[in-house]
Structures are given as C-alpha cells and as structure tokens.
Amino acid sequence: ILSVVSPFWLTNLINKITGKVVIVDGATCIDNDGGDNPALKGSVEYRNPDMNNRAIYTDKCQDGNKRLKEYYCGIYANVIPKLYSCDNGCRDGACK
C-alpha cells in the first residue's frame, strides 16, 4: 500500500521536532534559537488567539551567572522552561 504525505504535514512535523514553530489548535509557539539550545540566547513567543493571550519568554542567566533558564517550545505549543548549570558560566542568556 502506498500512502501520500502532504508537504504541509511533513513541514509541521519537522518544525515540531526541531522546536522552531509549533501550532496546535490555534495556539502558536515560536522559538528563534531553534529549540532547546543553551549555547545560544533566544526568545520564545507564545500566542493563543482564542484566549487573546501573547507572551514572550527570553533565555536568561540566574544564580550569579552560574545557571541558565532556557525556554523552548513543547509539542503541544506550550512553553517549557529548563534550568542548565553552565560549567563555564552564563553570559547574556547563554552558557559560555
């Protein structure tokens, strides 16, 4: 049996895997550093037009520049925060 996969479906799947753009039921999550990437400062924008909601989360250093709070998109267009311990310190929202 041969099945055909639409290009839109494939693009959507690739975006979900990389964490760059996730769209689920009208909610949108966009990550400008490509997903869970502690070496690069980025921001995540979350939009949900049904709830008239928009928020921006920017990666940031914490605990005296020893840890990083990294934001990325989950598979349900949700924003996921993750804490990293930066071996060489954190500067300007990224681990050195």
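Four strands form an open sheet in the order β1-β2-β3-β4, with antiparallel pairing. β1 (21-24) and β4 (53-58) stand at the edges with a single partner strand each, so one side of each has no neighbour in the sheet. From one strand to the next, the twist averages 10°. The model is predicted: local features need pLDDT of at least 70, side-chain atom pairs count only at pLDDT 80 or more, and totals for chains, interfaces and linings use all residues. Residues are numbered from 1 along each chain as its sequence is written, and side-chain values use heavy atoms, leaving out hydrogens and water.

**Terms for the sheet**
- Strands are DSSP runs (E, at least two residues), numbered from the N terminus.
- Two strands pair if DSSP finds at least two bridges between them.

**β2 and β3**
- β2 (residues 27-31) pairs with β3 (residues 43-48) in the antiparallel sense, over 4 bridges.
- Ile30 stands opposite Glu45 in β3.
- Thr28 is found in β2 and is buried (under 20% relative accessible area, 1.4 Å probe, protein chains only), at 17%.
- Thr28 touches Val22, Ile23, Glu45, Tyr46, Arg47 and Ala77, not counting residues up to four places away in sequence; contact means heavy atoms within 4.5 Å.

**Loop residues with positive phi**
- Asp25 lies in the loop between β1 and β2. Its phi is positive, about 50°, although Asp25 is not a glycine.
- Asp25 is exposed (over 50% relative accessible area), at 72%.
- Asn52 lies in the loop between β3 and β4. Asn52 has a positive phi of about 50° and is not a glycine.
- Asn52 counts as exposed, at 74% relative accessibility.

Terms used. Axes fitted to C-alpha atoms, helices over the stretch in contact; angles between N-to-C directions.
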